[in-house]
Amino acid sequence: MLSSTSRTTLRRGKRRGRTDRSELYAVLDAGLICHVGVVVDGSPMVVPTGYGRIGDTLYLHGSTGAASLRAGGEVCVTVTHLDGVVLARSAFHHSVNYRSAMIYGTPRPVEDADERLAGLRAITENLAPGQWEATRPPDGKELAATAVVALSLAEASVKVRQGPPVDDEEDYALPLWAGVLPLRVSWGEPEPDPALPPGTPVPAHIAGRGRPDAG
């Protein structure tokens, strides 16, 4: 179960809240990019970035010079999936179908060498499953230039909206179309780097991404 705190307790749209921790994992594992809200030198900043999850820990990374990773203090991380536009009979009741997660916490700089590699692997594998084993691992210079932080998933909330529009009762008699326009994201065909030697095959874990029969 997700823990309930003053920041994760839903005050609006409570029926859309989810309390099972597995639903938090599902939202995170289905995403590729998160948004990290942080205060830097007294000003708010929201940074889009890749991430990876291992158990109840979210890993983020960036340049050692990134202000967002050096700011210290608490952050708010969000992941959102837009699943469709909800078209109602009235402009007021238009909405969207979505799945979203919000996480609060203080990132912990990862200093342990093994955990740093595990975190970087989780981030890489979240973006492209199978890619970590198919590439050259980071060398010492690259690791020295990369900051890795860990964020606990202890304080998090999940909201989900699904289904048709909810109109005022009297508006259901209006001769107007209403419903949902679904939004689906799919992978395209791999586009090889022009610098590749001719005939270099596309790895199976990339070529099969998004296919119904792909693992």
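**Notes on the predicted model**

1. Let's start with Ser90: leaving aside neighbours within four places in sequence, Ser90 is in contact with Asp167 and Asp171, contact meaning heavy atoms within 4.5 Å. Ser90 is found in the loop between S6 and S7. Ser90 is also buried, at 15% relative accessible area; buried means under 20%, exposed over 50% and partly exposed in between, with a 1.4 Å probe and protein chains only. C-alpha to C-alpha, Ser90 and Gln162 are 18 Å apart in space and 72 residues apart in sequence.

2. A word on ground rules. This is a predicted model, where local features need pLDDT of at least 70 and side-chain atom pairs count only at pLDDT 80 or more, while totals for chains, interfaces and linings use all residues. Residues are numbered from 1 along each chain as its sequence is written, and side-chain values use heavy atoms, with hydrogens and water left out.

3. Next, the sheet. Four strands form an open sheet in the order S4-S5-S9-S8, with antiparallel pairing. Helices (H or I, at least four residues) and strands (E, at least two) are DSSP runs numbered from the N terminus, and two strands pair if DSSP finds at least two bridges between them. The edge strands, each pairing on one side only, are S4 (52-54) and S8 (108-109). S4 and S5 (residues 57-63) are joined antiparallel over three bridges; Tyr59 in S5 is the bridge partner of Gly52.

4. Now the inside. The largest nonpolar core has 22 residues, of which Leu24, Leu28, Leu58, Leu60, Val77 and Ile103 touch the most other members. (Such a core is a set of buried Ala, Val, Leu, Ile, Met, Phe, Trp, Tyr and Cys residues joined through side-chain atoms within 4.5 Å.) Elements that each supply at least two residues include helix H1 (21-29), S6 (75-87) and S7 (95-105). The largest share, four residues, comes from S2. A second, separate core of seven residues includes Tyr59, Val110, Trp132 and Val148.

5. Val77 deserves a click in the viewer. Not counting residues up to four places away in sequence, Val77 touches Cys34, His35, Val36, Leu58, Leu60, Ala101, Met102, Ile103 and Leu151.

6. Last, Thr8, which sits in the segment before S1 (17-18). Thr8 is buried, with a relative accessible area of 8%. The Thr8 side chain reaches the backbone nitrogen of Thr5 at 2.9 Å. Setting aside neighbours within four places in sequence, Thr8 is in contact with Ser3, Tyr104, Glu155, Ala156 and Ser157.

Conventions. A polar contact is a pair of N or O atoms within 3.5 Å; within protein, one must be able to donate a hydrogen and the other to accept it, and residues adjacent in sequence count only if both atoms are side-chain atoms.
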